[in-house]
Amino acid sequence: MQKNDWKDRMNTLLKRRGWDIKDWHRATGLNQWQLENLMEMDLSEMDEGNLEGIYEQAKEAKLDKSLLRFDAPVMIAVWAHKGGMGKSTVVTNLSYELAKKGYNVLAVDTDSQSDMSSVLYPDYIGEPDVSFYNAFLGQEDFKEEGYIMHTEYSGIDVVAGSAECEALEGALCMMTDKIRDKMWKKCLRSVREENYYDFIIIDMDKTAGVMNKTILAEADYVLAPIESSIFGVKSVPPTIAQIDEVAETNPKLKLLGVLFNKVDLRKKASMADNMGLVEQIAPQCIFKTFIKNDANVDNSQKEHMPIGYYNSRSPASKQMTEFAEEAVERIRKDQNRKGE
Ligand SMILES: Nc1ncnc2c1ncn2[C@@H]1O[C@H](COP(=O)(O)OP(=O)(O)OP(=O)(O)O)[C@@H](O)[C@H]1O
Ligand SMILES: [Mg+2]
C-alpha cells in the first residue's frame, strides 16, 4: 500500500514544509533531476525500502535558508587576459564548492584545451560531437539538443569543450555581433527559461577575441584569477577594459573580483606589493581569500577530481571553500543592491 500513495504523501510533506523540488534537493543533497523524475515516473519497479528512505530523509532534513534563489541562472565568466593563472582550476573547483553547498551548477567549457572538462567530465573525450563547438556553431539549445552531461558530482553538469573550439574564433570573426549574440542566446534558451541551474560558470581561454566577447555579452560577472606576479597584475587593466567595452551593450556585466591564485607564502612582501597595485587599478576588487600554491591542485587534476573531492583537508581545498563563500556573499550583496 505504501508505494501506491508515496507520491501523495511526498507531495503533502513538501506542501507542509513549504518546499518545491529545488528546496527538497537543497535540503537532502539528492539530485534535483532524479527527484523530478521520481515524482513523474511509474514507481511500480522501485524498491519500497528506497522510497521510504527518501521520504524519511525529506522529513528529517533541514533546509539552509541562506542559499540564494535567482530569477535566472547567474552567469560567471572566469576570464583573465593571461594564460595559465588558474581559470580552469577555478571553474572546476568553484563549481564543485557551489554544488556542495546545494546549488545546481552548469560548467561550460569553451576552451579548446578542455582542461575543466577533463577533470569534471573525463568521458568527454569519447563524445567529441557533443561539445560546446558543435552547440555554438550549430546554434543548438544546450538542453534540448542533449549537450548537457551529468557528472558524477551531484549538482554539477557540464557542456564539454573540444579541440575544435580553437576554430570558433575564425568562424565567428566574419559575423556581426548581433548574429554571434543570437547564436549564444540560442544555446542558453532552455537553461534560462527552465531556471534549474543557479549558476552557469564558464571556462574561457585568455584571448580578447570575438568568441570571448560574445560569451561576456550574456554574462553577469567576470571572475579574474591571477598569479601574484607583475605579469599577473599587468593582466588586470586589459581585463577591465574588456569588461567596460562589453558593458556598453551588456550593462549588467561587472567584475566580481580578482582572485590571487598559486600564492607562495614565502613571498609575502611581493604579494603585498602586487595586491597594492591591483587595488590601485581596481579598488575593492581583490577577494580576501587567496589560493595557495598547493601540489594537491595538480595531483587532483591528474586524478580527474576537484580538489575538495580529492583531498578536502588540503590548504587549497579549504581556501576554495572559503573563496566560494566569499564569492556568493559578493553576489548576494550585488543582487540586493539591484533589488533596492
Ligand atoms: N593553487 C594552485 N596551486 C598549484 N598549482 C596550481 C594552482 N592553480 C593552478 N595550478 C596549476 O597551474 C596550471 C595552470 O592552471 P589552469 O590550467 O587552471 O590555468 P588557466 O588559466 O586555465 O590556463 P589556460 O590559460 O592555459 O587555460 C595547471 O597546471 C594547474 O594545475
Ligand atoms: Mg584553462
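**Figure 1. Pairing of strands S6 and S7 in the predicted model.** Strand S6 (residues 221-227) runs parallel to S7, and the two are joined over 7 bridges. The model shown in this and the following views is predicted. Within this pair, Ile 226 stands opposite Phe 260 of S7. S6 and S7 belong to an open sheet of 7 strands with mixed pairing, ordered S3-S4-S2-S5-S1-S6-S7. S7 is an edge strand of this sheet, as is strand S3 (149-150), and each of them pairs on one side only.

Figure 2. Asn 261 is part of strand S7, which covers residues 254-261. The residue counts as buried because it has 25 C-beta neighbours inside 10 Å, the cut-off for burial being 20 or more. Leaving aside residues up to four places away in sequence, Asn 261 touches Met 85, Gly 86, Val 90, Pro 225, Ile 226, Glu 227 and Ile 291. Ile 226, one of these contacts, is also the residue that stands opposite Phe 260 in S7. Met 39 is 222 residues from Asn 261 along the chain, and the C-alpha atoms of the two are separated by 43 Å.

Figure 3. All 5 of the 5 residues of strand S5 (residues 199-203) are buried, so the strand is largely enclosed by the rest of the structure. Phe 199, Ile 201 and Asp 203 lie on one side of S5, with Ile 200 and Ile 202 on the other; both faces are covered. Strand S1 (residues 74-78) runs parallel to S5 and is joined to it by 5 bridges. Met 75 has Ile 200 as its bridge partner in S5. Strand S2 (residues 105-109) is likewise parallel to S5, with 5 bridges between them. Here Asp 109 stands opposite Asp 203 of S5.

**Figure 4. Residue shell around ligand 1.** The shell holds 21 residues, of which Gly 83, Lys 87, Ser 88, Thr 89 and Val 297 come nearest to the ligand. Helix H5 (87-101) and helix H14 (295-302) are the elements that give two or more residues to this shell. By residue class, the shell divides into 9 polar, 8 charged and 4 nonpolar residues.

**Figure 5. Contact between domain 1 and domain 2.** The protein chain is divided into domain 1, residues 6-60, and domain 2, residues 74-339. Their C-alpha centres lie 32 Å apart. Each domain contributes to the contact, with 4 residues from domain 1 and 4 residues from domain 2. On the side of domain 1 that touches domain 2 there are 3 polar residues, 1 charged residue and no nonpolar residue.

**Figure 6. The protein chain as context for the close-ups.** The chain contains 16 helices and 7 strands. Its radius of gyration is 21 Å, close to the 20 Å that the globule rule gives for 340 residues, so the chain is as compact as a globular protein of that length. The C-alpha trace spans about 70 × 45 × 45 Å along its principal axes. Buried residues make up 40% of the 340 residues. Among contacts with a separation of 6 or more, 78% are between residues 24 or more positions apart.

Definitions and conventions. Residues are numbered from 1 along each chain as its sequence is written. Chains are lettered from A and ligands numbered from 1 in the order in which they are written. This is a predicted model: local features need pLDDT of at least 70, side-chain atom pairs count only at pLDDT 80 or more; totals for chains, interfaces and linings use all residues. A residue is near a molecule or strand if its C-beta atom, placed from the backbone, lies within 6 Å of it. Helices (H or I, at least four residues) and strands (E, at least two) are DSSP runs, numbered from the N terminus. Ala, Val, Leu, Ile, Met, Phe, Trp, Tyr, Cys and Pro count as nonpolar, Asp, Glu, Lys and Arg as charged, and the others, Gly among them, as polar. The radius of gyration is taken over C-alpha atoms; the globule rule is 2.2 Å times the number of residues to the power 0.38. A residue is buried if 20 or more other C-beta atoms lie within 10 Å of its own, exposed if 12 or fewer, and partly exposed in between; C-beta atoms are placed from the backbone. Two residues are in contact if their C-beta atoms, placed from the backbone, lie within 7 Å. Domain bounds come from an automatic or database domain assignment. Two strands pair if DSSP finds at least two bridges between them.
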